Amino acid sequence: MKPSLVVGGALTALLVGMALLSLVWTPYSPTGIDILHKLAPPSATHLLGSDSLGRDVLSMIMAGARNSIAVSVIAVAVGAGIGVPLGCLAAAKGGMVNEVTMRATDLAFAFPALLTAVMITALAGPGATNAMIAIGIFNIPVFTRVARGAAIVIWQRDFVMAARAVGKTRWAIAVGDVLPNIAAVLLVQMTIQFALGIIADAGLSYVGLGTQPPQPSWGRMLNDAQTYIFRAPLLAVFPGAAITLAVLGLNLLGDGLRDRLDPRLRGR
Amino acid sequence: MLPRLIGLLLTLLAASAVVFFVLEVLPGDPASVMLGTGAQADNLAALRHQMGLDQPAWWRYLAWIGHLATGDFGTSYTYSVPVADLIRERALVSVPLALMAITLSTAIAIPVGVAAAAWRGGPRDLGIMGVTQLGVAMPNFWLGILLILLFAVRLAWFPASGFAGWGAGPLPALRSLLLPALALALPQAAILSRVTRSAVLETLDEDYVRTARAKGLGPAAALWRHAVPNALIPVVTILGLQFSFLLAGTVIIENVFTLPGLGRLMLQAIAQRDLIVVQDLVVLLAASVILVNFAVDFVYLALDPRLRHGGAV
């Protein structure tokens with residue numbers, strides 16, 4: 001097995017495990033304020049120290065993982081849920097449908113994603129739900145493109161020609177033959193968009209537009225930490241390291257899966 | 001050529017319609033934000049009339065587009081100055097920042113990517129790939145905070161935030177843009193060097209590189225004269241796409257370094273529901289992305305003479 005698959009899988013398992021664990025247990029309450037022990041350095045009582053309100057940083061990072069995963073997973077679901085059917089439709093129908101879908105994705109790509117997500121969340125109201133939608137919208141054209149590109153190749157294959165020759169309907173072929181054959185490509189894309197979603201969510205909550213306090217989020221923690229950067233520099237290190245490791249894990253997992261699924265790309 | 005230009009104009013028009021429509025659907029009435037929650041109904045109606053908000057949406061869209069076409073960006077509700085002036089002033093921060101970032105990123109990524117390809121499979125290649133994998137995963141705003149931590153807090157070489165302005169000459173201004181530009185550039189450089197590496201790996205396997213070696217060209221000459229120029233097309237494609245990421249990235253990076261750029265202008269304008277400023281900014285950014293992608297097509301022609309005669313790559 002490739003090392004990227006192993007390391008990526010392990011980091012992703014760690015991320016998801018940490019998030020799941022935070023549902024039932026964290027060392028302290030992630031929202032519990034303890035002003036007497038604020039800005040404490042890492043120690044046996046607070047493994048990663050405490051923040052400006054005395055909250056336990058490790059507990060906040062664990063609960064932050066949960067919130068970050070929730071936003072990006074739902075954003076991926078929104079993107080794939082709408083984008084994949086659109087892409088499959090464009091591939092199956094061709095002609096005008098294909099042309100219109102492709103021009104629409106071109107148009108969507110003209111808007112810098114994060115910037116537009118900032119605009120949407122700021123106007124529609126800051127919060128996790130709007131962050132999911134804003135990030136999800138920009139996943140739609142990505143999945144449309146990927147699904148269409150992969151599906152078009154499958155439509156040319158002999159077994160699809162055979163299925164058409166024996167009178168199977170386009171719809172039945174799209175669902176029964178094409179979709180299962182592009183599932184692997186879509187899975188790889190999902191891990192990539194999952195990783196991008198975590199970065200986007202962190203960016204939105206850094207500027208105060210994502211998950212709202214008292215719910216902890218990695219981006220918000222970094223913003224708070226910047227205020228105390230001279231007194232407690234480590235506060236700015238841990239949440240960022242959590243984001244980087246989560247994204248690194250997902251990217252490696254995506255690379256590993258791609259190599260496994262498409263041997264031609266090995267070693268690139 | 002002409003169909004391409006018409007397509008470009010249509011895309012710009014569609015982009016402006018999307019922006020207008022999205023702002024129309026999202027909540028937030030500029031007049032009620034200006035007057036606050038305790039506003040009288042008749043005052044509100046008077047202000048809405050004065051701002052032209054009582055006119056139908058399609059009419060306001062046409063008026064906005066008509067003015068934009070003549071170079072009139074309208075007047076900001078909150079600052080009561082022409083939006084063009086606001087944007088020009090802030091662009092003096094954001095545009096140099098973006099240019100510095102893309103220059104740094106290209107200057108780092110191409111040599112690194114080519115070197116990694118030349119050392120294919122060796123320990124140095126693995127090392128570069130590991131570092132770039134980490135660079136891709138790092139959010140640029142966290143990198144910005146780390147740079148502040150190292151160069152401003154620990155070493156005190158650079159200011160932690162703020163912009164010196166262009167008044168005192170270019171050097172202080174460029175100095176205050178260097179850390180934010182690095183924060184934007186390094187993650188992009190990580191992606192770009194990976195793309196460069198795999199593009200060069202591909203061309204290194206081509207027959208013409210083997211021919212060049214067979215006729216007695218050294219490995220370095222074969223690499224730089226034959227493999228690298230032929231690998232530039234995908235690199236330029238990604239560079240064009242990254243421009244859009246870079247623009248979006250400035251919004252957050254300008255917040256990290258409290259730079260008075262276009263990103264901060266946009267956040268302030270959104271907070272005050274100064275919709276004309278938001279509309280103009282988003283359309284301007286979308287237009288620059290569209291124009292850059294248009295320009296990329298011409299770079300292809302310069303890089304690959306085969307494309308000039310309608311051939312396929």
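In this predicted model, B:D207 and B:R210 form a salt bridge, their closest N and O atoms lying 3.6 Å apart; the term denotes a side-chain nitrogen of Lys or Arg within 4 Å of a carboxyl oxygen of Asp or Glu. Both residues belong to helix α9 (residues 207–214) of chain B, three residues apart, about one turn of the helix. Helices here are DSSP runs of H or I with at least four residues, strands are runs of E with at least two, and both are numbered from the N terminus. B:R210 counts as exposed because its relative accessible area is 55%, where exposed means over 50%, buried under 20% and partly exposed in between (1.4 Å probe, protein chains only).

Residues are numbered from 1 along each chain as its sequence is written, while chains are lettered from A and ligands numbered from 1 in the order in which they are written. Local features need pLDDT of at least 70, side-chain atom pairs count only at pLDDT 80 or more, totals for chains, interfaces and linings use all residues, and side-chain values use heavy atoms, with hydrogens and water left out.

Over all chains, a search of the whole structure finds twelve salt bridges. One of them joins A:E99 to A:R103 at 2.5 Å, N to O. These two residues lie in helix α3 (residues 95–109) of chain A, four residues apart. A:E99 is partly exposed at 38% relative accessibility, and A:R103 is partly exposed at 45%. A network of salt bridges links A:E99, A:R103, A:D106 and A:R145. A further salt bridge, with closest N and O atoms 2.8 Å apart, pairs A:D51 with A:R55; both of these residues are buried.

Between the chains, 38 residues of chain A are in contact with 47 residues of chain B, contact meaning heavy atoms within 4.5 Å. The two chains bury about 3700 Å² between them, 80% of it on carbon and sulfur atoms; buried area is the accessible area (1.4 Å probe) that two parts lose on being put together, summed over both. Across this interface the rule finds one salt bridge. B:R194 and A:D255 meet through their side chains in a salt bridge at 3.8 Å, N to O. A:I229, in the loop between α8 (218–227) and α9 (238–261) of chain A, is buried at 4% relative accessibility. Leaving out residues up to four places away in sequence, A:I229 touches B:I145, B:I148, B:L149 and B:V153.

Chain B is divided into domain 1 (2–69) and domain 2 (83–310), with bounds taken from an automatic or database domain assignment. Their centres, taken over C-alpha atoms, are separated by 33 Å. The area buried between these domains of chain B is about 1400 Å², 79% of it from carbon and sulfur atoms, and the count of salt bridges between them is zero.

The largest nonpolar core has 139 residues, of which A:W155, A:I182, A:I198 and A:W218 touch the most other members. Such a core is a set of buried Ala, Val, Leu, Ile, Met, Phe, Trp, Tyr and Cys residues joined through side-chain atoms within 4.5 Å. Helix α2 (residues 57–93) of chain A gives the largest share of this core, 13 residues. Domains 1 and 2 of chain B both contribute residues to this core, so it lies between them.
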